[in-house]
Amino acid sequence: MKRSPTPKTVALAFSLAACATANAHISYTGRDFGTFSGGEVPVTILDKVIAGNWAWADGTDADFGPSEYVRAYRFTLMYDARVTFDVSATTSGGTVLGDLVPGFSFYRGLAHVPPALLDHDENLVSEQWRNSQPGVPKEGNFRALGDWKVGNDDGTTEADLSSFIFQGYAVDGTSANFGSTPGIVGDGVADGRVAGTFNVPAGTYTLFIGGANYADQVAGLTTGRGVNVTLTVVPEPGVACLLIPGIAGLLLRRRR
């Protein structure tokens, strides 16, 4: 006997479909650290879901990786600064939940944001770009250790693509986790946490986070893992001197 779906079943199906659609595009929803213009404290974004445990590592090899399985965060710097990312698996009472081995790369540049259509790998202009890249055929547009581009459904030429200019990376664990691609240096212990500090100029940046357990992609495991991310921004010494008078003026105005 065929049963009609219950309201709960229908709602769950719509939720899963919505998640699948959202995951296929590069979005910053709920993952915007904001604009840093002076005197900021560290900003933490808690409990976002990383799809699977392998997508960052997949982007380190010659055939790149699908961008739909890494998660994008954005921020804007109004001055040259030293930025520190602290990325960790979601914890409860100090216990790591799940087996996430995180890796991240960050780039100067920003994907298309609403009202523009969102970027994803499976459109003509994105496909044209990755097919133009040398070497073996590519799985997707995401490149964890170098510059890359991706576009949206409105794009027709390379000029319409979003460009991500590689700034640096950090990865949890060792080559036993993220694979044998030459030149990658992990933090040595796969404990669900990784941090990195980088000096960068003023501009708009995107941070991509994914799992770094390369072997999981063979099994096609995409079970979500929770992740917490803290961004700390410290102005370069010369910039800090320029910012102090402005901050002091704001404090004096508040006192008055």
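**Salt bridges in a predicted model**

Reader: Is arginine 130 buried or exposed?

Author: In this predicted model, arginine 130 has a relative accessibility of 8%. The cut-off for buried is under 20%. Arginine 130 therefore counts as buried.

Reader: Which residue forms a salt bridge with arginine 130?

Author: The closest N and O atoms of the pair are 3.7 Å apart, and a salt bridge needs them within 4 Å. The partner of arginine 130 is glutamate 122.

Reader: Is glutamate 122 buried or exposed?

Author: Its relative accessible area is 56%. Exposed means over 50%, so glutamate 122 is exposed.

Reader: How many salt bridges does the structure hold?

Author: The pair of arginine 130 and glutamate 122 is a salt bridge. Counted over the structure, the number of salt bridges is five.

Reader: How many residues apart are aspartate 32 and arginine 74?

Author: Their side chains meet in a salt bridge, at 4.0 Å from N to O. The pair links distant parts of the chain, with aspartate 32 in strand β1 and arginine 74 in strand β3.

Reader: Which strands hold arginine 193 and aspartate 86?

Author: The side chains of these two residues meet in a salt bridge of 2.3 Å, N to O. They lie in distant parts of the chain, 107 residues apart. Arginine 193 is in strand β10, and aspartate 86 is in strand β4.

Reader: What does arginine 193 count as by its relative accessibility?

Author: Its value is 46%. Buried would need under 20% and exposed over 50%. Arginine 193 therefore counts as partly exposed.

Notes: Residues are numbered from 1 along each chain as its sequence is written. This is a predicted model: local features need pLDDT of at least 70, side-chain atom pairs count only at pLDDT 80 or more; totals for chains, interfaces and linings use all residues. Side-chain values use heavy atoms; hydrogens and water are left out. Helices (H or I, at least four residues) and strands (E, at least two) are DSSP runs, numbered from the N terminus. Buried means under 20% relative accessible area, exposed over 50%, partly exposed in between (1.4 Å probe, protein chains only).
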